[in-house]
Amino acid sequence: MKDYIITSRQAGQRLDKFLMKVLKNAPSGFIHKMLRKKNITLNGRRADGSEKLCGEDHVRFWLSDETFEKFSGTSGSEETEGGKGDVFPVRKLDIIYEDENILLVNKPQGMLSQRAQKEDVSLCEYIIGYLMDSHQITGEELVTLRPSVCNRLDRNTSGIVAAGKTMAALQELSDAFKNRSIHKYYQCIVCGRIGRKERLDGYLVKDESINKVHVLDHMEKDAQRIITEYTPMKMGREFTLLEVLLVTGRSHQIRAHLASEGHPIAGDPKYGNRERNRELKEKYNIRCQLLHAGRLEMPAFDGKLRYLSGRIFTAPVPENFRKLEENI
């Protein structure tokens, strides 16, 4: 027999989803059979799996040790732990806001938001390492709750990444990013002079083989519509500081859209000006695009995160960005 008391962090997920994480090697048919036979119960009663779990709910597995170990992937003497084989290193994070539900991190250039390969270590792993090191989550909880980022930035784009620490927060934050009710503002330094506010409209096609996108002014097969708005904040002889509102959120959208207008982002190795990038590297040690997700405006939440409604969060730009900005 095995007992689980649902914590406030795990609350908000369906019972069947929870069970499939605990018994990760079990077919879904086996789990539903155990529910029907009351070999798995919720608060001492039969359940069908569609129930949404609440804090302090009691899930009991009336299974033999051998059966539980077989389907959970644990040995007889070891505790059930999430992420077995994963690495959750601890490093100092630039946390700009944290409460019991969410974490906002100013991601540095060069760090992945999420793993691209199994062996990668990304911001997600660093966040889990931080939460475990600060005793905010246990290995057992990681089986059924994996704190994670809810928005992604390119490896060499810096700025605010939002993460959910609880199941309810993950769901609400993810929905807000998906429906674009969270407004994301970026700062970037582009080549050339831009003197007025603009709204760019176009279509984007991605070439998966080279991980690069192309911007079109007309619709084609597999193209996605993109809308990018920008406002000049500071203009010099060679560069302009822009604030960009990402109306749609496509891969490499800001970088490719601005480059298609003749104003590539300074330092961008993929869409930028090679000669100008070489000069910036020599003079300012700039090795990647100066694109920074600097401001996040929260929508009107009506659930667990309603206390964040309307709040605005900002994050400072990296040092190399600041140095060029001062010299525009």
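Modeller: A residue counts as buried when its relative accessible area is under 20%. Keep in mind that this is a predicted model.

Biologist: What share of the residues in the chain is buried?

Modeller: The cut-off is under 20% relative accessible area. Applied to the 328 residues in the chain, it gives a buried share of 49%.

Biologist: How many helices and strands does the chain have, and what does the C-alpha trace span?

Modeller: The chain has eight helices and 14 strands. Of the contacts between residues at least 6 apart in sequence, 66% join residues at least 24 apart. Along the principal axes, the C-alpha trace spans about 75 × 40 × 40 Å.

Biologist: Is helix 4 mostly covered or mostly uncovered, and which of its residues are buried?

Modeller: Helix 4 takes in residues 123-133, and eight of its 11 residues are buried, which leaves the helix mostly covered. The cover over these buried residues includes strand 4 (95-98), strand 5 (102-107), strand 6 (148-149) and strand 7 (158-164). The buried residues are Leu-123, Cys-124, Glu-125, Tyr-126, Ile-127, Ile-128, Gly-129 and Leu-131.

Biologist: Which residues does Leu-123 touch, not counting those up to four places away in sequence?

Modeller: Leu-123 is found in helix 4, and its relative accessible area of 0% makes it buried. A contact here requires heavy atoms within 4.5 Å. On that basis Leu-123 touches Leu-93, Val-105, Lys-107, Met-111, Leu-112, Ser-113, Val-149 and Val-161.

Biologist: How many Å apart in space are Leu-123 and Ile-5, C-alpha to C-alpha?

Modeller: In sequence, Leu-123 and Ile-5 are 118 residues apart. In space, their C-alpha to C-alpha distance is 29 Å.

Biologist: Which residue just after helix 4 takes a positive phi?

Modeller: The helix covers residues 123-133. Just after helix 4 there is a phi of about 60 degrees, and the residue that takes it is His-135.

Biologist: Why is strand 7 largely enclosed by the rest of the structure?

Modeller: Strand 7 is one of the elements that cover the buried residues of helix 4. The strand is largely enclosed because its own buried residues number seven of the seven.

Biologist: Which strands are joined to strand 7 by bridges, and which of them runs parallel to it?

Modeller: Strand 5 is joined to strand 7 by six bridges and runs antiparallel, with Asn-106 partnered by Ile-160. Strand 6 is also antiparallel to strand 7, with two bridges, and there Ser-148 stands opposite Gly-164. On strand 13 (residues 291-297), Ala-293 stands opposite Gly-159. Two bridges join this pair, and the strand running parallel to strand 7 is strand 13.

Biologist: What is the distance from Cys-288 to the nearest cysteine sulfur?

Modeller: Cys-288 is buried, at a relative accessible area of 7%, and Cys-188 also counts as buried, at 0%. Cys-288 is in no disulfide, and the nearest cysteine sulfur, that of Cys-188, is away by 13 Å.

Biologist: What is the volume of the largest pocket, and which residues lie nearest its centre?

Modeller: The largest pocket has a volume of about 1,200 Å³. Its lining divides by class into 14 nonpolar, 13 polar and 13 charged residues. Helix 5 (167-178), strand 8 (183-191), strand 9 (198-207) and helix 6 (253-260) each supply at least two residues of that lining. Of the 40 lining residues, those nearest the centre are Arg-152, Leu-153, Asp-154, Ser-251 and His-252.

Biologist: Which helix gives the most to the lining of the second largest pocket?

Modeller: The second largest pocket has a volume of about 250 Å³. Its lining has five nonpolar, two polar and five charged residues, including Arg-276, Glu-279, Leu-280, Lys-283 and Tyr-284. With five residues, the element that gives the most is helix 7 (residues 274-284).

Conventions. Residues are numbered from 1 along each chain as its sequence is written. This is a predicted model: local features need pLDDT of at least 70, side-chain atom pairs count only at pLDDT 80 or more; totals for chains, interfaces and linings use all residues. Side-chain values use heavy atoms; hydrogens and water are left out. On a 1 Å grid over the protein atoms alone, a cavity is a set of points where a 1.4 Å probe fits but cannot get out, and a pocket is an open set with protein on both sides within 12 Å along at least five of seven lines; lining residues have an atom within 4 Å of a point. Grid points are joined across faces, edges and corners, and a volume is the space filled by probe spheres set on the points. Helices (H or I, at least four residues) and strands (E, at least two) are DSSP runs, numbered from the N terminus. Ala, Val, Leu, Ile, Met, Phe, Trp, Tyr, Cys and Pro count as nonpolar, Asp, Glu, Lys and Arg as charged, and the others, Gly among them, as polar. Buried means under 20% relative accessible area, exposed over 50%, partly exposed in between (1.4 Å probe, protein chains only). A disulfide is a pair of cysteine sulfur atoms within 2.5 Å. Two strands pair if DSSP finds at least two bridges between them.
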